[in-house]
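Please go through the points below with the model open.

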Amino acid sequence: MNGIRPLWLLLIVIVSGGLGWVAALLTAEAGVVAPVLVRSSTITLGSVALLVLVLGIRVQRDKKRPPAARMNPLVATRTLALAQAGAYAGSLIAGWHGGVLVHLTSATGFGTPTVNDALLMVVGGLVLVIVGYIVEQYCRLPPEDGADGTTDAHGRNGEGHRGQTGPAYGAEGEGGYARTNDS
């Protein structure tokens with residue numbers, strides 16, 4: 001599984017921000033309320049961020065346990081996928097509401113309820129991005145034995161192994177399965 005790509009997050013923020021700005025402009029011309037999620041949506045964003053963080057801490061603590069007592073690798077992989085999805089969704093939410101916020105502040109200024117709601121959603125989206133990135137770091141496997149030049153249990157040098165710093169339990173070649181080039 002690939003890691004979170006900061007450039008993709010930035011691209012999502014920029015594109016969704018542009019779309020949010022255009023949507024706010026069009027709704028203002030039509031005399032409709034700006035497309036902003038309500039204030040109670042920040043509770044949902046905060047709850048999702050808290051859930052992702054708790055699951056990430058659980059995976060982080062699990063890495064310190066003996067291998068026989070560790071959690072199912074699928075649970076760690078699902079936590080990683082949830083963290084990545086949260087980061088991408090947070091960038092989409094922050095970008096959209098950032099674009100709406102730019103339009104609304106130029107039209108009405110700060111202090112209106114819609115501007116405050118948009119600002120809260122931008123902050124909530126950014127919190128979700130940060131938590132997703134942190135939890136992804138929690139889900140990374142530590143370097144395997146042999147990083148100092150010795151070999152691991154499979155006879156591989158720790159420096160040349162592709163998955164040595166990849167996401168927890170989800171990197172290619174992990175789990176003791178030998179890769180073959182049979183076609």
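1. R5 sits in the segment before α1 (6–30); helices are DSSP runs of H or I with at least four residues, numbered from the N terminus. R5 counts as partly exposed because its relative accessibility is 41% (buried is under 20%, exposed over 50%, partly exposed in between; 1.4 Å probe, protein chains only). R5 and Y88 are 83 residues apart in sequence, yet 9.4 Å apart in space, C-alpha to C-alpha.

2. This is a predicted model: local features need pLDDT of at least 70, side-chain atom pairs count only at pLDDT 80 or more, and totals for chains, interfaces and linings use all residues. Residues are numbered from 1 along each chain as its sequence is written, and side-chain values use heavy atoms, with hydrogens and water left out.

3. How do α2 and α3 cross? Their axes (lines fitted to C-alpha atoms over the stretch in contact, angles from 0 to 180 degrees between N-to-C directions) come within 10 Å and cross at roughly 150°. That makes α2 roughly antiparallel to α3 (angles over 145 degrees). The contact (heavy atoms within 4.5 Å) includes L45, V52 and V59 of α2, and L82 and A83 of α3.

4. Not counting residues up to four places away in sequence, V52 touches L82, A83, V131 and V135.

Note on methods. Helix = DSSP H or I, 4+ residues; strand = E, 2+ residues; numbered from the N terminus. Parallel < 35°, antiparallel > 145°, perpendicular 65-115°, else oblique.
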